[in-house]
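Good morning, and thank you for coming. I would ask everyone to look at the sequence and the structure on the screen while I speak.

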Amino acid sequence: MPWNIGILGAGPGVAALHLPVLGQLPELFTVAHIADSGSGNARVLAERIGARCSTGEQDLLEDQCVDVVAICSPPVQHARQILASVAADKRAIFCEKPLAATRQEAEAVIEACRAAGAILMVGTNHLFDAAWGRAKQQLVALEGKVRAVTVTLALPPNDRYHQLVAEGGPFQAVRRGAPDMQDPAVAAGVLRQLLTGLAIHDLPAVRDLAPGIDEVVYARLAPPIGYLVGYRAGDVLVQLALTMLPDGPEALWRMTITTSHDRIEVDFPPAFVHAGSAAVRVRSVEGRRTSYRRHPEDGYVAEWRLLATLLEGDVPVEYDELLADSHYAVDLADAAAAKILEGAGQ
Amino acid sequence: MTPTGRRLGVFTRLPSYLGAAAGLSITAIPVGEPGGAVVVVPGSGDWWQGMLAARDQGAAAVIITDPQVLPHENPDAGSWPGDIPVVVDRPRLRPDVVEDAVQARRGHRARAITVECAAPAAELGVVASDGFGWVRSLGVGRLVLRAAGGTTQGLMALMDVQSAGASLSATLVGTALGGGRGAGSLLQVLALGEVRTEVVVDQPAGLVRVETSTVDGMLKAAERYESPARLALRRALDSCRSGAPTADLEELLVDLALSRELLQASRRPDV
């Protein structure tokens, strides 16, 4: 029998991503309930798939049919909703990234899930992409020492890809007024949001290669929306770069790992689309290039499959890793935001 | 070539430049004396002194080939008399390839530029200087180092690219490659924006790739088959013939100075 899912949130990520993905996995999951915070989107989405809908969290959490709560709400709600799901005795929680906004929140949710035996998964889809596994295998096989990691994102608007995977919407996130980037506190806050909202896709993988954040060398917003952040983690240099543009070429989402001898490039497909795994290329010190075959399944599908495996009890939940990933993201966001404020004070 | 149509001499022992002269047989001829000739100065040694010596010996022009090392003292363009053309053969920063990349952007300004480079430790500074040259060219402005950091085997920098009334951010991350046969430099440049430029110069692979992406798709620049030596020699001959100076030396010194500043600054937290 498929597991019944209740989704908290009814924005573009649910409409264009999770509902289409879960629709590919009917043998594993059924979406039973969708709740929004009053937008009315939950009813629209639920009607299309014959699910129940509600406003607020309470009805969904009290729905005895729901086995798994998928938290797809704004990040500031995540930790509280995880705790509420555990309190409602739900069997499993799928939480969109980030897990929590602060170290304390992260510790609280991990402690609660561990104590209750609740399964917890964070939707860092790149971590579950088969190509990332391939890249890690290459790193072990090549025996090189990692010297630098870069993650470069150049993204056109998401709705370009929403239209390719779903129809009807809602595909537009709630619009907010343009923040005053001249105010250092606002700029620091925006950078923090971008790191915990977008860079977070790859931070668990980056942490694998560059644990710890010893020194933020630079942190800067790149207009119109973007960042350039460079830091040192032991003997590894890390750079995170983002530009988001109202128009422009196909999305670029690339992680590179430079070792003492080789360079591994992992090109992820654009968000939302289902084009298989990322593409992995290795360039040797002699200039030889090897490209590896893409896996047909993408990280979005892979993460839901893994959740099913966790529900079957075949693999344990890695609570400590989830906590360490969350700490890493929060620490980086805090340190980068502090760097912006420090620069403003000089 | 002189105004009278005679071929201009090329003073060199480097096989690549003798080959280049053979490929320019109407305008150039190898000669045994530097006086009145285009003198090729290998960039592997003290090329600054070599350049000054060539001028003293009456060279008509100087070509510096692939400067591999930073001069001990950071020379100043002002200390070069500038009375004869100087062409710098920078295989990772060929002017024709740079022009391909810049032209394909059709005037669209980049939003940010990133450079990643890897090279044997001794070459990392020079490869970084070529990276700066790419940033300067694609960003169309003057570079100012804003922050730098490093490890024992790597360095990173944040820069402003300043041009009239505008500024954009650029970064460089460079790492030292381990030894081994065939180890060579790699330079990758990304100019991000409504038009995206990706440049890859992979020395051991013999690969130079320029791709320009827009909302409509990607344009790959045609491969430039002219050898770096022939290109440099042709440019030197053209400069002698036309009397038009090149900016090669000034640009090289600017890029090398920034590279030196980065190497020094990456060992301390603030510039």
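I begin with a definition: a salt bridge is a side-chain nitrogen of Lys or Arg within 4 Å of a carboxyl oxygen of Asp or Glu. This is a predicted model, in which local features need pLDDT of at least 70 and side-chain atom pairs count only at pLDDT 80 or more, while totals for chains, interfaces and linings use all residues. Residues are numbered from 1 along each chain as its sequence is written, chains are lettered from A and ligands numbered from 1 in the order in which they are written, and side-chain values use heavy atoms, with hydrogens and water left out.

How many salt bridges does a search of the whole structure find over all chains? The search finds 42. One of them links the side chains of B:Asp202 and A:Arg289, at 2.3 Å from N to O. B:Asp202 belongs to strand S11 (residues 196-202) of chain B and A:Arg289 to strand S14 (residues 289-292) of chain A, so this pair joins two chains. Helices (H or I, at least four residues) and strands (E, at least two) are DSSP runs, numbered from the N terminus.

Are these two partners buried or exposed? Here buried means under 20% relative accessible area, exposed means over 50%, and partly exposed lies in between, with a 1.4 Å probe and protein chains only. B:Asp202 is buried, at a relative accessible area of 1%, whereas A:Arg289 is partly exposed, at 36%.

A second salt bridge, 3.6 Å from N to O, is formed by the side chains of A:Lys339 and A:Glu342. These two are separated by about one helical turn, because they are three residues apart in helix H12 (residues 319-344) of chain A. A:Glu342 is partly exposed, with 40% relative accessibility.

B:Arg111 is in the loop between helix H3 (95-104) and strand S6 (112-120) of chain B, and B:Glu194 is in the loop between strand S10 (186-192) and S11 of chain B, so the pair ties together parts that are 83 residues apart in sequence. B:Arg111 is partly exposed, at 28% relative accessibility.

I now turn to the strands of chain A. Strands of a sheet pair through backbone hydrogen bonds, either parallel or antiparallel. Strand S8 (residues 215-221) of chain A runs antiparallel to S9(A), and six bridges join them. A:Val216 has A:Tyr231 in S9(A) as its bridge partner, and a hairpin leads from S8(A) to S9(A) through three residues. S9(A) is also joined by nine bridges to strand S10 (residues 236-244) of chain A, again antiparallel. In the hairpin of S9(A) and S10(A), two residues lie between the strands, and A:Gly234 takes a positive phi near 65°. Strand S9 (residues 225-233) of chain A is mostly covered, with seven of its nine residues buried.

Strand S3 (residues 38-42) and strand S4 (residues 61-65) of chain B run parallel and are joined by five bridges. B:Val38 has B:Ala61 in S4(B) as its bridge partner.

Which residues of H2(B) are buried? They are B:Trp47, B:Trp48, B:Met51 and B:Ala54. Seen down the axis of H2(B), these buried residues fall within an arc of 125° (the arc of the directions from the helix axis to the C-beta atoms), so they line one face of the helix. Among the elements that cover them are S3, S4, S5 and H6 of chain B, where contact means heavy atoms within 4.5 Å. Just after H2(B), B:Gly58 takes a positive phi of about 90°.

Note on methods:
Two strands pair if DSSP finds at least two bridges between them.
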